[in-house]
Amino acid sequence: MNKKLIAIDLDGTTLNNQSLLSQKTVQTLQLLQEDGHHILIATGRPYRNSKHLYSELGLKSPMVNFNGALCHMPGSKNWSSYYHKTIDSNLVMDILAKQDDLGYNWLTIEGQETLYSSTVKIPPSEFFPENTLSTLVTSQTKLDGNPTSLNLYIDEARQEAIRQRLLDEYGSETLSVRTWGGSLPCLEIVAPGIQKAIGVDRVASYYNINRQDILAFGDEDNDFEMLDYAGHGVMMKNGIDRLRSVANDVTAFTNDEDGLALYLENYFSL
């Protein structure tokens, strides 16, 4: 069997419902890495809130964060295939100034190493662990360079209307907007065209792995392009119905039942 690139989403895929790695998942992925396969985390999370999972898995491969806006090799500042796609800070500050007009509740601005928030106390969640440190942002704040993403926190029922308004006002050539549900629903604004498949393709090229030798696992809308791009895209049993149109297979078990690990055990005959 050719060596594979195994691209894994985190939340709802690799992590259980408590946002933790099970022992079985850790052992399975480490075994595959020891056998020469490359394990690639491809997540919507920033690096600040996923680096502990990379370490827990003992990975040696690159990592994709912010849904493909950042592709990097943790621990190395000189990795040849590194990229970081940002959004214009003036656009970010313009949206910040329109909070009352747009109707979002609060926002965060994420950089590769920075986190700004328009609220003093960020509600704790899997994306913002208790006591997450951030810098308060106002219309007078001078950002430290162009950020990676802007997140507008707003009820799911109002997301689509505001998403469309942002696209109408600023244009799809300026930004991309993704919707997030769950306990902390938001609109994520990143550079135009950003998707996980871009990062997966970059890492596959780095390792000289053909597209047919890429396995990808996901459960949500932000995994759509990645599963479609991969030679073998796998939807989690708990995944959204939209992924069925691009997935080659579906796991027999959910993320909370070690679905990823059990699928890999069977696929690689571990």
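Between which two strands does the loop that holds G75 lie? G75 is placed in the loop between β4 (70-72) and β5 (83-84), where helices (H or I, at least four residues) and strands (E, at least two) are DSSP runs numbered from the N terminus.

## Basis of the model

This is a predicted model, in which local features need pLDDT of at least 70 and side-chain atom pairs count only at pLDDT 80 or more, while totals for chains, interfaces and linings use all residues. Residues are numbered from 1 along each chain as its sequence is written, and side-chain values use heavy atoms, with hydrogens and water left out.

## Overall fold

The protein contains 9 helices and 14 strands. Its radius of gyration, taken over C-alpha atoms, is 18 Å, close to the 18 Å that the globule rule (2.2 Å times the number of residues to the power 0.38) gives for 270 residues, so the protein is as compact as a globular protein of that length. The C-alpha trace spans about 55 × 40 × 35 Å along its principal axes.

Of the 270 residues, 55% count as buried, where buried means under 20% relative accessible area, exposed over 50%, and partly exposed in between (1.4 Å probe, protein chains only). Among contacts (heavy atoms within 4.5 Å) with a separation of 6 or more, 58% are accounted for by residues 24 or more positions apart.

## The largest nonpolar core

A nonpolar core is a set of buried Ala, Val, Leu, Ile, Met, Phe, Trp, Tyr and Cys residues joined through side-chain atoms within 4.5 Å. The largest one in this protein has 30 residues, and those with the most contacts inside it are I95, L150, L152, L166 and I189. Two or more residues each come from α4 (89-97), β6 (106-110), β9 (149-153), α6 (156-170) and β11 (186-190), and α4 gives the most, with 5 residues. In soluble globular proteins, nonpolar side chains tend to be buried together.

In helix α9 (residues 259-267), the buried residues are G259, L260, A261, Y263 and L264. These buried residues pack against β1 (5-8), α1 (10-14), α2 (23-34), β12 (214-218), β13 (232-235) and β14 (249-250). Just after α9, S269 takes a positive phi of about 50 degrees.

The loop between β14 and α9 holds T254, which counts as buried at 17% relative accessibility. When residues up to four places away in sequence are not counted, T254 touches M236, K237, N238 and G259.

## Three further loop positions

T43 is found in the loop between β2 (38-42) and α3 (51-57), and T43 is buried, with a relative accessible area of 1%. Leaving aside neighbours within four places in sequence, T43 is in contact with L10, S50, V64, N65, F66, N67 and K196.

P192, in the loop between β11 and α7 (196-207), counts as partly exposed at 37% relative accessibility. Its contacts, not counting residues up to four places away in sequence, are S172, E173, T174, L175 and S176. The C-alpha atoms of P192 and G171, which are 21 residues apart along the chain, are separated by 9.2 Å. G75, by contrast, is exposed, with a relative accessible area of 86%, and G75 lies 14 Å from L53, C-alpha to C-alpha, the two being 22 residues apart in sequence.
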